[in-house]
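Keep the 3D view open and look up each residue as it comes along.

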Amino acid sequence: MAELKTANGTFEWEGKPFRILSGAVHYFRVVPEYWEDRLLKLKACGLNTVETYLPWNLHEPEEGRFCFDGLADVERFVRLAGSLGLHVILRPSPYICAEWEFGGLPAWLLGYSDIRLRCMDAAYLEKVDKYYDELIPRLVPLLSTKGGPVIAVQIENEYGSYGNDQAYLNYLKEGLIRRGVDVLLFTSDGPEDGMLQGGTVPGVTATVNFGSRPLEAFQKFRAYRPDDPLMCMEYWNGWFDHWKEEHHTRSAEDAAGVLEEMLEAGASVNFYMFHGGTNFGFYNGANHHESYEPTVTSYDYDAPLSEWGGITEKYEAFRRVIGRFREADAPVLPELPAPMPRKSYGTVSMTHESDLLDHLDVLTDPVQRVCPVPLEALGQDYGFIVYSTHVSGPRRESLHLQEVHDRAQIFVNGVYRDTIERWNPRSLELDIPEGGARLDIVVENMGRINYGPKLKDFKGITEGVRLNNQFLFDWTIYPLPLKRIDSIPFKELREAGEGSERSSRPRFYKGEFTVEEAADTFVRLDGWHKGSVWINGFNLGRYWKEGPQQTLYLPGPLLRKGRNELVVLELHHAEKAQIELLDKPDLG
C-alpha cells in the first residue's frame with residue numbers, strides 16, 4: 001500500500017519525488033449527480049489530487065444524530081475520486097472556516113453557554129471526540145495505507161489565525177492517530193510569524209495559504225520549516241462575495257502568473273477554490289471585521305470552474321501553465337467532458353400564497369419565555385424566529401433591540417413598521433394606542449461568523465427588547481427553522497401573478513411549472529426584495545435585491561420530468577409574483 005512521505009524538502013510517492021497538484025471541490029456544495037463531472041474537469045486541468053473540507057454541522061446536525069447520505073456522503077465522493085485516478089486530501093479539522101456557517105461547527109454547541117471553542121476545553125473536546133468516533137472510522141478504510149485514495153489529513157484549519165493552544169493541536173493529532181489515521185498529517189496557516197508560531201505542530205508537516213507574492217510567502221515559511229516541502233495548501237485564485245458589496249473577480253493572467261511562480265519554485269499547490277459551488281439552504285457563513293458581513297448564496301469564488309461547472313478563461317490559463325510542468329511520462333492532458341446543458345424555462349407565475357404571521361401556530365410550536373432568548377437556547381440552528389408580546393398603551397417611545405442577530409422586521413398590530421439590522425443598529429419610534437398593541441419581531445439568522453475572534457455568534461435577539469429604558473417581558477416565541485415546508489397552508493393568490501406590496505408582510509408564494517427535459521437553470525427574481533427559494537422542497541438559498549448576486553443556481557438534477565413546485569418566502573413584498581428561469585447567471 002502506498003503512502004505519501006516527505007524527504008529532502010519534497011514529497012515522495014512510491015519512493016519518487018512527487019508534486020501535489022490539487023484542487024478544492026467541496027462535495028457539500030455540489031449536488032451528488034455532478035460530482036463526477038466536476039472531478040473529471042479537475043483531472044482534465046492536469047491535477048492529480050482533489051481536496052475537500054468536512055463540515056461537522058452537516059454530518060452531526062443535531063447532537064448525537066449523524067448524517068452521511070446525499071450531499072453529506074463523503075465516503076462516496078472519496079471513492080468516486082479514487083475510481084477516477086485522483087488522490088484525495090481530507091480536512092476534517094473539526095473547524096473548517098470555508099465561508100460556511102459557523103466555520104462548520106454545529107450550532108448546537110452554543111447550547112452549552114460556557115463552552116470554549118477550539119482549545120483544551122473539556123466540554124468542547126468531549127463533543128469533538130464523539131463526532132470523531134463516528135466520522136474517522138468511516139475514513140480509515142479510504143486511506144492510501146489501506147488501499148484507498150486519501151493521502152493526507154489535516155489536523156486543524158488555519159489555527160494560528162485563531163489561537164496558540166499547542167496542547168489542543170496535539171490532542172487532535174493524537175486523536176487521529178489513535179483512531180487509525182496513519183497517512184501524512186499536516187497543518188495550514190498564513191505566512192506570518194504569529195500564524196506559523198501558533199498553528200504548526202512539531203513533527204507535523206506544515207503548509208501555507210496565500211493568494212499572491214508566493215516567493216515572499218515561501219521565504220517566511222522556510223524561516224520556520226527549512227526541511228518541509230513547499231506547498232500552498234490554499235492558493236486563493238479568486239474570492240468570495242458578501243451581500244451589498246461588489247462581485248469579486250481576478251484576471252486569469254494575474255492568477256496564472258502566481259501559479260507559474262509557485263511551480264517554478266518547485267512547490268506543490270492546492271487551488272482554493274478549483275470549483276466553489278453553492279451555499280445551499282442557510283449554510284452560508286459571515287465575516288465580522290468592522291461590522292457583520294454575511295456571505296451570499298453563490299460560492300462561485302471566481303474559480304477556474306464556475307458555480308455551475310463551466311470552463312472559464314482562468315481554467316484554460318491554469319491548464320496551459322500546468323501542461324508545461326507535467327511529468328515527462330504524462331505529457332498529454334485528459335480531454336474535457338462535455339459541458340452540462342443549460343435551459344431557459346421562461347416565466348413562472350405564483351398561484352398560491354400564505355401569510356407567515358397569520359400561520360405561526362401551524363408552522364411551529366410556540367414557547368413562552370420571560371425574556372427573548374436566542375435560537376440556540378431553544379435548540380434551533382438556522383432559519384428564522386418570531387418574538388411576540390403585548391405592549392401597554394398609550395405611549396410614544398423608542399424601541400431598542402439589544403444585540404439583534406441579524407435582521408429584524410418590526411410589526412405593530414400586524415402592520416410593518418421598519419427593519420433593524422445588526423450592521424446598522426438604531427432605535428425606532430413607536431406609537432402605541434390606548435389599550436396597547438401586539439408587537440411582533442421577525443428575526444432572520446443570516447449566517448454565523450466563520451472566521452476570527454467572534455465565532456460564538458448567537459442568533460435572534462441575544463440581549464433584550466426595550467421601550468426607552470423599560471425592558472419588555474412575557475414573550476411568545478415561534479422558532480422557524482423551515483427544514484420542511486410541506487406544512488405551509490397555502491390559499492389561492494388573490495390575483496394570480498400579482499404580488500403583495502399592499503402589506504409588506506413575510507409571505508410564502510407557490511407556483512408550478514412543467515419540465516420536459518431537466519437542465520441547469522437560473523432563478524431570477526426581479527421585483528422581489530429578500531427571501532429564500534425552494535425547488536421541490538430543496539432549499540436553494542437566499543436572494544436579496546441588494547446584490548451583488550441577482551440569480552440563484554438551480555442544478556438540473558433537482559428538477560423532475562413533469563410538474564415541479566417552486567416556493568418563495570418573500571420577507572417584504574414582490575412587485576409582481578413571477579420569477580424567471582433563465583439559462584444565464586448573473587452574479588453581479
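## A buried glycine

Gly199 counts as buried, because its relative accessibility is 2% (buried means under 20% relative accessible area, exposed over 50% and partly exposed in between, with a 1.4 Å probe and protein chains only). You'll find Gly199 in helix H6, residues 193–199; helices here are DSSP runs of H or I with at least four residues, strands are runs of E with at least two, and both are numbered from the N terminus. Which residues does Gly199 touch, leaving aside its neighbours within four places in sequence? They are Tyr159, Gly160, Leu169, Thr187 and Asp189, where contact means heavy atoms within 4.5 Å. Glu75 is 124 residues away from Gly199 along the chain, and their C-alpha atoms are separated by 28 Å.

A quick word on the ground rules. This is a predicted model, in which local features need pLDDT of at least 70 and side-chain atom pairs count only at pLDDT 80 or more, while totals for chains, interfaces and linings use all residues. Residues are numbered from 1 along each chain as its sequence is written, and side-chain values use heavy atoms, with hydrogens and water left out.

## H4 meets H5

Two packed helices are described by the angle between their axes and the distance between the axes. For H4 (residues 122–139) and H5 (residues 166–178), the angle is about 25 degrees and the axes are 11 Å apart. That makes H4 roughly parallel to H5 (under 35 degrees is roughly parallel, over 145 roughly antiparallel, 65 to 115 roughly perpendicular, and the rest oblique). The axes are lines fitted to C-alpha atoms, for helices over the stretch in contact, and angles run from 0 to 180 degrees between N-to-C directions.

On the H4 side, the contact is made by Tyr124, Leu125, Val128, Asp129, Tyr132 and Ile136. H5 brings Tyr168, Tyr171, Leu172, Leu176 and Arg178. By class, that gives nine nonpolar, no polar and two charged residues (Ala, Val, Leu, Ile, Met, Phe, Trp, Tyr, Cys and Pro count as nonpolar, Asp, Glu, Lys and Arg as charged, and the others, Gly among them, as polar).

## H1 meets H3

H1 and H3 pack at about 40 degrees, with their axes 10 Å apart, so these two helices are oblique to each other. Trp35, Glu36 and Leu39 of H1 make the contact with Arg76, Phe77, Leu80 and Ala81 of H3. Those residues divide into five nonpolar, no polar and two charged.

H3 covers residues 74–83, and its buried residues are Val74, Glu75, Phe77, Val78, Leu80 and Ala81. After H3 comes Gly85, with a positive phi near 85 degrees.

## Charged pairs

The structure holds 43 salt bridges, each one a side-chain nitrogen of Lys or Arg within 4 Å of a carboxyl oxygen of Asp or Glu. One of them joins Asp37 to Lys41, with the closest N and O atoms 3.0 Å apart. How far apart are Asp37 and Lys41 in helix H1? They are four residues apart, which means about one helical turn. Both Asp37 and Lys41 are buried.

Glu62 and Arg65 also meet in a salt bridge, at 3.5 Å from N to O. Glu62 is partly exposed at 41% relative accessibility, and Arg65 is partly exposed at 41% too. Lys173 pairs with Glu174, again by a salt bridge, with the closest N and O atoms 3.5 Å apart. Is Lys173 buried or exposed? Lys173 is buried at 14%, whereas Glu174 is partly exposed at 40%. Finally, Glu353, Asp355, Asp358, Arg505 and Arg507 are linked in a network of salt bridges.
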